[in-house]
Amino acid sequence: MSRQKQARSAFCSAQTATLLLALCMGSAAANAAAVTFSHKDWDLSCDNTLTCRAAGYAADGEEQGSTVLLTRKAGSGEPVANKVMLAHYSDAQWQEGSPPELIIAGRKAGSLSFSGDESWQMDEAQLSRFLTALKKDEAISFRQSGSTYLFSGAGSSAVLLKMDDVQGRVNTPGAILRKGKGSESSVKAPVAAPVINRAPVMDKSLRPMTEREDALIRPVLLKVLAADEEQSCSDDILSEPWGIARLNQQYSLVGAPCWLAAYNGGSAYFVIKNNVQSDPVLVSTGATDYDNGTISSSMKGRGLGDCWSYEASVWDGTRFVESERGDTGRCALIRAGGAWNIPEHVSQIVEP
């Protein structure tokens, strides 16, 4: 199962709504470059700028595992960055401790350096040795304070080859897996992140609707939900109080509690004309927050909270435009909140 499917499978089983955090924004074109791929214990995600991230983990079921994240921007000559994280999900408070050692085929390959955010880093020589070990299917692990943290190379060849292929590096000197003498001219250039001009909003947060507003707006929006066959709002939850925020002199945002599952919940958000004289637009039935012109969603992949997915959309004055989407990697008990930030969609937001 892919990381994305794994992280969201619980939502589907609970009959939660698909996240729809984009309003008339041409998402097919914006996401044309995004690629995800998984094989065995490795996952690949290349975002809409063609930056690729390959993450490897310990074999499924290992309680004391580790994960390695390899990141490479598109473009000729770009280096491969790396981060290493050891499982510490059960630790009440993470402590840096002594640097872990890289162990390859039972032999020490040197200590890692601290790279911040509870992770470590291999130097250039260690990374080269690590990649060689993957190609040779040699055993890889990390050792810290007498404890061994397992790691798996299973699936790495397929994922790293796919990473090279997406960026046009196969058979070039800069390829990770299948090097060759091909011209670096075949390497794809980075794709510019879409620019979103954030518009100022009149209300930075939702306020409770008045009785008059509720009587006027609720029936109209309930009809919109009833006409949407894909939404899964609960009638009981929809009966709870709704909120509203003025976006500008023309539009307002309405938020309504929509559904509640075992460990996630979502709200429906609508953009309406302030005079309620035109059809409202349903923006999302799976969002979790609105703040200062941004609708966002943060969802657990499972109750343990070791993996999350996220999405956000920004108000540009006429619509909500997708600004980010991604997840934190596999549900692998690495740390609470997830190990990595692995985006599928990024943007450049211009503040007002």
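An open sheet of five strands runs in the order E18-E19-E20-E21-E22 with antiparallel pairing; strands (E, at least two residues) and helices (H or I, at least four) are DSSP runs numbered from the N terminus, and two strands pair if DSSP finds at least two bridges between them. The edges are formed by strand E18 (289–291) and strand E22 (342–345), each pairing on one side only. Within the sheet, strand E20 (residues 308–315) and strand E21 (residues 320–327) are joined in the antiparallel sense by seven bridges, and Ser309 has Asp327 in E21 as its bridge partner.

The model is predicted: local features need pLDDT of at least 70, side-chain atom pairs count only at pLDDT 80 or more, and totals for chains, interfaces and linings use all residues. Residues are numbered from 1 along each chain as its sequence is written, and side-chain values use heavy atoms, with hydrogens and water left out.

The largest cavity has a volume of about 40 Å³, and its lining includes Ile217, Lys273 and Pro280. Helix H5 gives the most to this lining, with three residues.

The second largest pocket has a volume of about 280 Å³, a volume being the space filled by probe spheres set on the points, which are joined across faces, edges and corners. Of its 15 lining residues, Arg72, Val80, Leu127, Leu131 and Lys179 lie nearest the centre. Helix H3 (residues 124–136) gives the most to the lining of this pocket, with six residues.

Technical notes: 1 Å grid on protein atoms, 1.4 Å probe; cavity = no way out; pocket = protein on both sides within 12 Å on 5 of 7 lines; lining within 4 Å.
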